[in-house]
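Here is a short briefing on a two-chain model. Please look over the structure first, then read the points by topic.

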Amino acid sequence: MAKAAESSGEPGTTSPRPLMRDLKAVGKKFMHVLYPRKSNTLLRDWDLWGPLILCVTLALMLQRSSVDSEKDGGPQFAEVFVIVWFGAVTITLNSKLLGGNISFFQSLCVLGYCILPLTVAMLVCRLVLLAEQGPINFMVRLFVVIVMFTWSIVASTAFLADSQPPNRKALAIYPVFLFYFVISWMILTFTPQ
Amino acid sequence: MKQALVDDTEDVSLDFGNEEELAFRKAKIRHPLATFFHLFFRVSAIVTYVCCDWFSRSFVGCFVTVLLLLSFDFWSVKNVTGRLLVGLRWWNHIDEDGKGRWIFEARKASPQHSVATEAEARIFWLGLVICPLIWTVFFFSTLFSLKLEWLALVIAGISLQAANLYGYILCKMGGERDIGKITASFLSQMVFQTVSY
């Protein structure tokens with residue numbers, strides 16, 4: 001697995017502007033999540049920067065503003081973090097145990113990037129919550145969350161399904177369903193104080 | 001005859017445009033910016049984590065700041081400072097059939113210039129080794145003082161820093177997989193350097 005080689009022309013990580021290269025790769029993957037097609041860009045060229053950005057953004061948006069500044073949503077922030085990363089790791093382990101041929105980091109990459117629709121849903125919900133509360137408000141948010149939840153599931157299944165053994169696809173996909181369901185639930189039940 | 005004359009004068013460089021290169025080769029620290037940033041992000045992350053109570057009482061602000069610093073540190077050490085300071089690099093390559101493998105490379109020292117100056121290499125490795133150890137200390141102190149909301153951050157810190165450490169150690173090891181030999185040669189080198197001062 002680890003091979004020490006001394007190749008000089010290998011197009012590894014030394015490009016003249018590694019920062020731009022990495023930023024462009026992250027942006028390209030975001031586009032692939034928004035318009036999911038059967039491609040393996042997310043798998044071939046994985047990175048975990050996108051998931052980190054999305055996780056931090058989601059955790060920041062799920063903050064409750066409280067009066068006491070010392071306990072300003074501390075537990076909720078770390079909670080979101082733990083749920084996202086621990087959930088993604090658990091799903092990856094599950095799929096590997098079922099015999100999927102996808103590497104650990106590739107799976108984390110796909111799961112993390114497919115949180116993008118739900119992050120957009122969170123943004124929309126926060127904006128909608130600025131208007132007056134009521135059943136219509138709730139219905140709008142419910143609709144948005146359901147649509148984005150479906151989008152996330154579709155996107156991640158498009159990328160992950162191929163790597164699972166054929167008779168185990170449902171077993172491998174249902175934890176993904178559960179994962180995005182929990183995140184959607186957190187988004188839907190969010191109310192700023 | 002003529003060949004011998006040419007050989008004789010080959011070592012003497014009368015090309016005055018090469019003065020810069022000469023100064024570069026002789027400098028103790030060839031990449032001052034890279035050296036600075038190698039240490040800056042790691043040390044700021046640790047300092048911010050320790051002193052966050054003095055700056056602001058916001059848990060979220062401190063968490064996000066330390067996480068950002070750790071991420072910048074990870075990116076810069078992996079992509080920039082390792083390559084510039086010690087000529088090592090490592091990455092993950094995915095083949096055509098989707099199999100991933102890790103590649104670790106060390107730049108061959110050419111006769112023109114050595115890969116790394118001593119000062120740079122020492123700064124690089126000291127920074128690389130000491131910081132994960134400090135984060136491990138934080139892990140235990142957080143665990144035993146039961147400030148569990150910080151545990152997520154400390155674990156993130158340990159993972160990011162240990163990943164770089166592990167990657168570069170594997171680069172350095174090259175084909176040598178016997179870790180006992182590596183440790184022995186490293187320790188003897190350290191002892192030799194200390195004694196010769």
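Chain A contains 8 helices and 1 strand; both are DSSP runs numbered from the N terminus, helices being H or I with at least four residues and strands E with at least two. Chain B has 7 helices and 2 strands. This is a predicted model, in which local features need pLDDT of at least 70, side-chain atom pairs count only at pLDDT 80 or more, and totals for chains, interfaces and linings use all residues. Residues are numbered from 1 along each chain as its sequence is written, chains are lettered from A and ligands numbered from 1 in the order written, and side-chain values use heavy atoms, without hydrogens and water.

**Chain A: overall build**
- The order of elements along the sequence is β-α-α-α-α-α-α-α-α.
- Of its 193 residues, 46% are buried (buried is under 20% relative accessible area, exposed over 50%, partly exposed in between, with a 1.4 Å probe and protein chains only).
- Among contacts with a separation of 6 or more, 73% join residues 24 or more positions apart; a contact means heavy atoms within 4.5 Å.
- The accessible surface is about 10200 Å², and carbon and sulfur atoms hold 70% of it (Shrake-Rupley method, 1.4 Å probe; for residues, only the protein chains shown count as cover).

**Chain A: a nonpolar patch**
- Leu171(A), Tyr174(A), Phe177(A), Leu178(A), Phe181(A), Val182(A) and Trp185(A) form a nonpolar surface patch of about 720 Å².
- Patch residues have over 30% relative accessible area and no salt bridge; nonpolar side chains (Val, Leu, Ile, Met, Phe, Trp, Tyr) are joined within 5 Å, like charges within 9 Å.
- A salt bridge puts a side-chain nitrogen of Lys or Arg within 4 Å of a carboxyl oxygen of Asp or Glu.
- Tyr174(A) sits in helix α8, residues 169–188 of chain A.
- Tyr174(A) is exposed, at 52% relative accessible area.

**Chain B: overall build**
- Its elements run α-α-α-α-β-β-α-α-α along the sequence.
- Buried residues are 37% of the 197 in chain B.
- Residues 24 or more positions apart supply 71% of chain B contacts with a separation of 6 or more.
- Chain B exposes about 12000 Å², 67% of it from carbon and sulfur atoms.

**Chain B: UniProt record**
- An unreviewed UniProt entry lists "transmembrane region" for residues 33–50, 56–75, 123–144 and 150–171 of chain B.
- UniProt positions follow the numbering used here, feature names are shortened, and annotations may be inferred rather than shown by experiment.
- Residues 33–50 of chain B are 100% helix and 0% strand, with end C-alpha atoms 25 Å apart.
- Residues 123–144 of chain B are 100% helix and 0% strand, with end C-alpha atoms 32 Å apart.
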